[in-house]
Amino acid sequence: MTKEKMRLENDGKPVVRGVRAIKEALRTIPSNPGVYRMIGQKGEVLYVGKALNLKKRVTSYTHLQRLPNRLKTMVSRTVEMEIVVTRTEAEALLLEANYIRKMQPHFNILLKDDKSYPWLAITRDEFPRLMRHRGKPQKGAAYWGPFATSRAVMQTQQVLERSFLLRSCTDAVFSSRTRPCLLYQIKRCSAPCVGRISTPEYRNLVTQAKEFLNGGAQTLQQTLTREMEAASEAMAYERAALIRDRIRSFTSRMASSAINPTTIDEADVMAIAQQGGCSCIQVVFIRGGRNNGNRAFYPVHDVDETAEDVLGAFMLQFYDDKTPPPQVLVNVGLPEEKLLGEALSLQRGRKVQIAVPQRGEKRMVTDHAVLNAREALERKMAESAGQKQLLDGIATLFKLPQSPKRIETYDNSHIMGQSPYGVMIVGGPEGFNKRAYRKYAIRGPVAPGDDFGMMREVMNRRFAHVAKEGEDKAAQSPDWPDLLLIDGGKGQVSTVQKMLAELQVTSVPVVGIAKGVDRNAGREWFHKEGMEPFQLPERDPVLFYLQRLRDEAHRFAITTHRAGRSKAFVHSTLDDVPGIGPVRKKALLTRFGSLRNVRQAALEELEEVPGINRETAQSIYGFFHPEWIRTQGVPLEEGTEENNGGLVEEEEMKFGGNRLKNLSRLPEVTADKGHEVEEAP
């Protein structure tokens, strides 16, 4: 018996199965560059890796004596492998980063960042607009960025407004102005909307702003200084003072070389600090010689990972969905620096240099980023320690078997039964996990104001899968809660427990938090099965944390309800007509003025509306006149009688014709703008 076979038997059957699965995959794996994926029993991706020689790299996972314990565990969970062949190792590196960001494998170093970055944009109009922008670029606009935070881009926008007096208002506001707005009065706009500046003069300001954003601040300063002196000599003192104020505005942004380096035109600075098995990476965006802000990232990784490996993996994932700058400055040497440079150059389309500065201004900026990374990591660890104490306190307070890693808090919101919503927010060791928030539009036959019925529906939709797949299997999911916190008292807790029992969920404890008779914060009562209702001391840190969870659920429920109510308020019966979308709806209301007039319009009149052909006109006319459909020999659709009945009359009495004329121009209201929240099934 070989030593390797003895080791496999000693390590147990899961490892044997994992090695067997890898050896089975090796039969068809080529020796080309590419990416491999380790797949678990549930089809989940355990690990994503790249290799210059796929066969050689994957073979290394069969030699268990050379693997650390983390990789042995990964091999034991592997049941199959998938590979993608690439032309070069650099392409494999980019594909690996893309897969890691999308699939979030458990055994990879992960960048937990789902936020987009703000940009500054100048539109392409007769009088171009200066604005902040996120998301997909608009055609024709010029962009500068990215900026690390909204605050950073807002500060830069304010500087540009003071320095170059560009408008920031929307086109609708711009076209409707009859006199200058407040921004003109405080010298942050030149008021092109009312003709206070000519088109050539305004375009000159736009050119100067673009020059500043492109790094020509010093040249621009010299030009404006000459203009100021000329105005002063001509005794145009007001114009000279205005130019002086403009110069002061943008030169104040160039004060410190550590913050705004003069020798760095376009680069990102990435500095990593490690402590206690945790890492913080500080990223500084430098564009046009200006500091566009910095942001701290805390990648998830094993405690044994080195700073070099963490920073290298982070860099590729960070630039997976954005264009890298020509230069990336780091504070540690990377193990595959040349290969990383090739991959980023491929991503950019031009050469990208990765460097560890040793002296001068670049070293000063890098050291400043390292200092910020260390301080941010210390704050994060202090917060995590405090959070752990709070979660340990909750485990002790409610007699949980272990400190909870996922606390789900539920709340309902409605007004007299209208637009009812239930919501779930999630808290844990990392704070609020907003990506896991869910909203539940109440759909069932629930009586208006029936909080118990609403909670039953929410619990049914949240845990309905448990009855099908079994609680043991469902509890293995990372989304399985350790505690349910319900905004309510004994009645709500009893309702939730009965519903969970029907769904065969028995292992999740339920706690209710309810304000007392006086409704004062700090005097909440807690309800849990097997325990008498109790209160906590007013200054108890655990009480404050539970209040924060409850208040966050309440906030999210209110904003979700308001968004749903706003959408319901602008809903028209026209939305129920097949083939009628926002554009045609607006055209109909513009032509006829009200829903009543649309209903009473003749078929020929409907055909005259722009965008309405004969077939669509017949659909609209038939929707409001089901008897006409019968005369045409077309079967009546189910529900048409109801749509043509009291609902139309009721809607017209509620809103009135004049109100319906403007419905198509009302903006949609969305809840929780910073994070996209899914509506639960």
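Which element gives the largest share of the lining of the second largest pocket?

Mentor: The model is predicted, so local features need pLDDT of at least 70 and side-chain atom pairs count only at pLDDT 80 or more, whereas totals for chains, interfaces and linings use all residues. Residues are numbered from 1 along each chain as its sequence is written, and side-chain values use heavy atoms, with hydrogens and water left out.

The largest share of that lining, five residues, comes from H12. Helices (H or I, at least four residues) and strands (E, at least two) are DSSP runs, numbered from the N terminus. A pocket is an open set of points on a 1 Å grid over the protein atoms alone, where a 1.4 Å probe fits, with protein on both sides within 12 Å along at least five of seven lines; lining residues have an atom within 4 Å of a point.

The second largest pocket holds about 730 Å³ of space, a volume being the space filled by probe spheres set on the points, which are joined across faces, edges and corners. It is lined by 30 residues, of which Tyr47, Glu96, Ile109, Glu305 and Asp309 are the closest to its centre. Two or more lining residues come from each of strand S2 (45-51), helix H4 (69-77), helix H5 (89-103) and helix H12 (307-318). By class, the lining has 15 nonpolar, six polar and nine charged residues; Ala, Val, Leu, Ile, Met, Phe, Trp, Tyr, Cys and Pro count as nonpolar, Asp, Glu, Lys and Arg as charged, and the others, Gly among them, as polar.

In the loop between H5 and strand S4 (119-122) is Gln104, which has a positive phi of about 50 degrees although it is not a glycine.
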